[in-house]
Amino acid sequence: MQFKNLRGIREDKDIKQKDIAKYLNVSQNTYSQYETGVISLTAEVLIKLADYYNVSIDFLLDRTNDPNTK
C-alpha cells in the first residue's frame, strides 16, 4: 500500500528521501520502501515522522486528509 500523504508532505516541504532517511537512521532505499508500502512502517518510525512533520499518524497512513486530526 502506497502512502500518498507521506510522500506528498515530504515533497510539499521540498525534503529529499535521503534527508528523511538520515533523520530516521535508515537507508534511502528503506525509506523509499516505506513510502511505497513495500516495508511496513513501525510504530517508532510513525511516531518520529508524525513529530517531524507535526501531523497525525492517521494522516501519514492516509486514514484522513486532515493533517491535524489527533
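The model is predicted: local features need pLDDT of at least 70, side-chain atom pairs count only at pLDDT 80 or more, and totals for chains, interfaces and linings use all residues. Residues are numbered from 1 along each chain as its sequence is written, and side-chain values use heavy atoms, with hydrogens and water left out. Helices are DSSP runs (H or I, at least four residues), numbered from the N terminus.

**Helix 2 against helix 4**

- Helix 2 spans residues 17-24 and helix 4 spans residues 43-53. Their axes come within 11 Å and cross at roughly 120 degrees. Axes here are lines fitted to C-alpha atoms over the stretch in contact, and angles run from 0 to 180 degrees between N-to-C directions.
- Helix 2 is therefore oblique to helix 4. The cut-offs are under 35 degrees for roughly parallel, over 145 for roughly antiparallel, 65 to 115 for roughly perpendicular, and oblique for the rest.
- The crossing of the two helices is right-handed (the near helix is turned clockwise from the far one by less than a right angle).
- From helix 2, I20, Y23 and L24 meet V45, K48, L49, Y52 and Y53 of helix 4. Contact means heavy atoms within 4.5 Å.
- By class, this contact has seven nonpolar residues, no polar ones and one charged residue. Ala, Val, Leu, Ile, Met, Phe, Trp, Tyr, Cys and Pro count as nonpolar; Asp, Glu, Lys and Arg count as charged; the others, Gly among them, count as polar.

**The two sides of helix 2**

- Q17, I20, A21 and L24 are buried in helix 2. Buried means under 20% relative accessible area, exposed means over 50%, and partly exposed lies in between (1.4 Å probe, protein chains only).
- Down the axis of helix 2, the buried residues fall within an arc of 105 degrees, so they line one face. The arc is that of the directions from the helix axis to the C-beta atoms.
- An α-helix has 3.6 residues a turn, so residues three or four places apart point the same way.
- K18 and K22 are exposed, on the face of helix 2 turned away from its buried side.
- Cover for the buried residues of helix 2 includes helix 1 (4-12), helix 3 (28-36) and helix 4.
- N25 follows helix 2 and has a positive phi, near 65 degrees.

**Helix 3**

- Y31, Y34 and E35 are the buried residues of helix 3. They fall within an arc of 95 degrees down the helix axis, so they line one face of helix 3.
- These buried residues pack against helix 1, helix 2 and helix 4.
- G37 follows helix 3, and its phi is positive, near 85 degrees.

- N5 lies in helix 1. It counts as buried, because its relative accessibility is 13%.
- Leaving aside neighbours within four places in sequence, N5 is in contact with F59, D62, T64 and N65.
- D62 sits in the segment after helix 5 (57-60). At 27% relative accessibility, D62 counts as partly exposed.
- With the neighbours within four places left aside, D62 is in contact with Q2, F3, K4 and N5.
- D62 and K4 are 58 residues apart in sequence, and 6.8 Å apart in space, C-alpha to C-alpha.
- N54 is in the loop between helix 4 and helix 5. At 57% relative accessibility, N54 counts as exposed.
- N54 and N5 are 49 residues apart along the chain, with 13 Å between their C-alpha atoms.
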